[in-house]
Amino acid sequence: MLHGRSRVYGFTLVELLLATALLSMLMGLAYGGLRASTRATDRAQIILEESSRLRMAHQFVHRQLNQALPLGFEQDADGAFIVFVGTRSAIRYVAPMPGYLGFGGPQVQELALVPSYTRNGMALVLNHALLQGFEDARLYDREPILLLDGIEAGEFLFQGKEDGELTGWMADWEDETILPKAISLFIEFDDEHPVAWPTLTARIRIDNMAVRLSGARQSAYTAGIRKLINRSEETE
């Protein structure tokens, strides 16, 4: 007959504490990796959304400027038709409006850099009104279309032509009776913005016969352009 006490096996308190500490470290590492992965995914999603938003705004502005028409929407003090107004912070011109943003056809459009009312900095907005029966106040009958927000710096620049040669870029367009040869839109966001704006340069596709026409000749040319546009819309 064997005598003696059986030995009980188990973990000591020190071993339990070590195991708990190791488990906590592993869980902390796993949680940190999960958070980093989540942040990376969220960051990638933000970049994709911002890239898409900038691309759509860039394409829209470029398309509208490419389609600018030498149609007068106002008259100056000498009776000449104004076809383009351009400053460092805003431009006004006539171009066809996409059907999803209006009634289509030629409309007076104003692109402007204005103080943002939702974020710091500036915003790029679009106002538009029908060319027929145009009055300045009609541009602001409805809320402006917000194209970009949170802009830190931005400006429009213009390029003309003198003596058959292109001029340098200028911040104010002086001859409002003709369209510039090209328009550039520079936009800069702050350092925290995930995507940079590619500088936009749009060449104006213009019939040279329309340049520097005034009075009855400008009216005849404007009426002819309108008839062509109306005829095109009727056949669509």
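A search of the whole structure, which is a predicted model, turns up 3 salt bridges.

| Salt bridge | N to O distance |
|---|---|
| Glu 155 and Arg 88 | 2.3 Å |
| Arg 92 and Glu 110 | 2.7 Å |
| Arg 92 and Asp 136 | 2.5 Å |

Take the pair of Glu 155 and Arg 88, joined through their side chains. Glu 155 sits in strand E8, while Arg 88 is in the loop between strand E3 (85–86) and E4, and the two are 67 residues apart, so this pair links distant parts of the chain. Glu 155 counts as buried because its relative accessible area is 18%, under the 20% cut-off. Arg 88, on the other hand, is partly exposed at 43% relative accessibility.

Arg 92 turns up in the other two table rows, with Glu 110 and with Asp 136. Put together, Arg 92, Glu 110 and Asp 136 form a network of salt bridges. Where do Arg 92 and Glu 110 lie? Arg 92 is in strand E4 and Glu 110 in strand E5, so their bridge ties together parts 18 residues apart in sequence. Arg 92 is buried, at 11% relative accessibility, and Glu 110 is buried too, with a relative accessible area of 10%. The link from Arg 92 to Asp 136 also joins distant parts of the chain: Asp 136 is in the loop between E6 and E7, and the two residues are 44 apart. Asp 136 is partly exposed, at 36% relative accessibility.

Now for the overall layout. The chain has 2 helices and 12 strands, and along the sequence they run α-β-β-β-β-β-β-β-β-β-β-β-β-α. Of its 236 residues, 37% are buried.

What about the nonpolar interior? The largest nonpolar core holds 33 residues, and the members touching the most others are Val 61, Leu 65, Phe 84, Leu 111, Leu 124, Phe 156 and Trp 197. Several elements give two or more residues to this core, among them strand E5 (106–115), strand E6 (122–130), strand E7 (145–151) and strand E12 (200–203). Helix H1 gives the most, with 5 residues. As a general point, nonpolar side chains in soluble globular proteins tend to be buried together.

Leu 22 itself is partly exposed, with a relative accessible area of 49%.

There is a charged patch on the surface too, a negative one gathering Glu 152, Glu 188, Asp 190, Asp 191 and Glu 192. Glu 188 belongs to strand E11 (residues 182–188) and is partly exposed, at a relative accessible area of 38%.

Asp 163, in the loop between strand E9 (161–162) and strand E10 (165–166), has a positive phi, near 55°, in a residue other than glycine. Most residues other than glycine have a negative phi. Asp 163 is exposed, with a relative accessible area of 79%.

Asp 76 is in the loop between strand E1 (74–75) and strand E2 (81–82) and is partly exposed, at 29% relative accessible area.

Note on methods. Residues numbered from 1 in each chain as written. Predicted model: local features only at pLDDT ≥ 70, side-chain atom pairs only at ≥ 80, totals over all residues. Heavy atoms only, no water. Patch = residues over 30% accessible without salt bridge, like charges linked within 9 Å, V, L, I, M, F, W, Y side chains within 5 Å. Areas by Shrake-Rupley, 256 points an atom, 1.4 Å probe, with all protein chains shown as cover. Salt bridge = Lys/Arg side-chain N within 4 Å of Asp/Glu carboxyl O. Lys, Arg positive; Asp, Glu negative; His and termini not counted. Charge placed at Lys NZ, Arg CZ, Asp CG, Glu CD. Helix = DSSP H or I, 4+ residues; strand = E, 2+ residues; numbered from the N terminus. Buried < 20%, exposed > 50% of the residue type's maximum accessible area, 1.4 Å probe, protein only. Core = buried A, V, L, I, M, F, W, Y, C linked by side-chain atoms within 4.5 Å.
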